[in-house]
Amino acid sequence: MGRIYLVIFVGIFLAVTLWSQDTEVRMEPQQIFGPEKKAEFPTWLADIRRWRSESLVRLGYSDAQYARPELQWTQRSFIQPQMMVEERYFYDPVAGKYTVDRYLDDLQKRYGGIDSVLIWAVYPNIGIDDRNQHDMLRSTPDGITGLRQVVGNFHRRGIRVFFPIMPWDQGTRDEGMPLWTAIARSLKEIGADGINGDTMLGVPEAFRMAADESGQPLALEPEDGLSSEEALAWNNLTWGQVWTYPFIPAVSKYKWLERRHMVNIVDRWNRDKTNNLQFAFFNGVGYESWENVWGIWNQITPRDAEALRRIAKIERAVADLLTSPDWEPHTPTLQHGAFASKFPSGAQTLWTFVNRNEYDVAGRQIEMPHVPSRRYWDLWHGTELKPESSGDVAILSFEMEAKGYGAVLATEGGSLEPPIQQLLAQMKELSEKPLAGFSHEWQFLPQQMRELALTQPATRAPSGMIRIPAADFDFRVSGIEIEGGNNVGVDVQYSWEDSPRRHHRHTLRIKSFYIDEYPVTNAEFTRFLEASKYHPIDDLNFLKDWKNGRYPEGWSKKPVTWVSLEDARAYAAWAGKRLPHEWEWQYAAQSTDGRTYPWGNEWKAEAVPGPDRSRNRREPSDVDAHPKGASPFGVMDTTGNVWQWTDEFLDEHTRAAILRGGSYYQPQGSKWYFPQAYKLTEHGKYLLMAPSRDRSGTVGFRCVVDAE
């Protein structure tokens, strides 16, 4: 009964609360919608001002985190990409070094550079084994030391650095302490500036407290906004990821409540960024210039890139005005489809404009009280505007192109400050070419498959190998990426395809070859090491589960793991073999009848190792432990024990390897862990960075030899 009364009380409380904040203005969790008619502006503005004042009282709001000098940089973090550590402009695996300057120079050239960066080192590879999100950071080249140098290189260029946190990572190795404590310690050691809360509706205040206690204040930036506006007090930034884009621009609710709060609008799969950029400029907020989306390249078009360059250039030059406490969104304009925000501050006033029409708008744009001493500057075109005076009214005229932008700065006498003088000169030069002169066509990024050199042909089966006969093979396989849908650019592009895509089908003439009956074992890899004296230059995580150069007792017949693609290729070359093409691997496991599993079309639990769903992964099974898993050709242990290396694909920005067979390890509790591919019509795409990071406790390999 007490529970019933509690429910009734809560319901009444919520009803009273909502009624007491009654407003006719339509709102969503992150947006306030603008007035439908310009005549409604005074009432609309008064209404949202009342709502703001009451909300701040109800929240007991404190702006202390925005006043902190060490966090005020967040108010200028206008452009922030999410950058995959696998980005080839960021790390050169051949030279074995980070290339921060190359990465930043590319962004500077294409869209004017960035203010901060979110370095993404976890998803989608996490869950391939039991490494947790902290281990994934430690697995990058040179570990924490390397990342500390990376952060230093970004800081040298004036760029602040974020790293993500994954609250859903509850199925891999337990770090042994709360996530907020662990991340505060790691990011202090790295020297980072902020946290991005993946899938989070507000980063909890515990992360703020842990960072402050560590002596490394971190800015907090949740991905999905705030579950409660109370969290606005300690989340200095948010992503604007769930925004909608009506013709009349919406107002950022968080920035309206706290003028210094930075929103970075993100729409990662969208190919036309016009709405995103216009809403950002209208609100005086930022943009998440995310292009490498989990290894799928979604490049900003040249027109949007140029718009981003100009928007960011203006916002950086007038950043102090954009935090004006007297911000007036939807200040009246004179043209249909042209919308403006007014940012007054002392002797200066800024207006940011967007033209939502699909046609150019020229002539009279805005009127205001006439002040004889006031001068007006067209920041978008880099020129001075001469107002048209009519009694006590000054009218400004200028041009805005279709789906374009405008910006006006009013000053009271005196000379312009050097940054504004520099901005005017730069924008005058840039605006000589309109945005319409840049292509707005989106293009996918083509991929190439790395060639594999043939081996010396064998006339008979080498020891431990099985001959696979020549055949016409119906190669049918699909990628199991969690995101990306069926968009062009997802998964990989085979040589017979004209673009990367998720689903593949092609009839191949496969020549006869020999394939290892079992994956390469620890004992076999030991013989290679002893004979070749092989040791990788990048040896972080190399044979991680061995001790003092030896595998554990009883592991001789277990598949070797913690070997990179490069390590596997070195073994194959020493043995006079090569790694298999993916279709060779699949044909050897499937034959020509299209079966779902090596043994048939129905799953057989006894044909594979039992799944390991613990947080601390056990060792793999012996390669000969499950004879019922044999393929029609007698090839063993293809499915369910360890993943196996096959082909490598690359484009200008990302490398990836195709893994086949799945593994026994299945971390639980989240849909975001690396998915399994037990079916012979599925493969895993594993993003590659460097051997240290690519090595895994659940990835091994087998080899092939070409036949005469």
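I looked up Arg502 and found a polar atom of its side chain 2.7 Å from the backbone oxygen of Gly485. The side chain of Arg502 also reaches the backbone oxygen of Glu481, at 2.9 Å. I took a polar contact as a pair of N or O atoms within 3.5 Å; within protein, one must be able to donate a hydrogen and the other to accept it, and residues adjacent in sequence count only if both atoms are side-chain atoms.

I note that this is a predicted model, in which local features need pLDDT of at least 70 and side-chain atom pairs pLDDT 80 or more, while totals for chains, interfaces and linings use all residues. Residues are numbered from 1 along each chain as its sequence is written, and side-chain values use heavy atoms, without hydrogens and water.

Is Arg502 buried or exposed? I found Arg502 buried, with a relative accessible area of 9% (buried is under 20%, exposed over 50%, partly exposed in between; 1.4 Å probe, protein chains only).

I then turned to the aromatic rings. I counted 49 aromatic pairs (ring centres of Phe, Tyr and Trp, its six-membered ring, within 6.5 Å; planes under 30 degrees apart are stacked, over 60 edge-to-face, the rest tilted). Phe475 and Tyr494 have ring centres 5.5 Å apart and planes at 80°, so the pair is edge-to-face. Both Phe475 and Tyr494 are buried. The rings of Tyr534 and Phe542 are likewise edge-to-face, with centres 6.1 Å apart and planes at 75°. Tyr534 is partly exposed at 22% relative accessible area, whereas Phe542 is buried at 12%.
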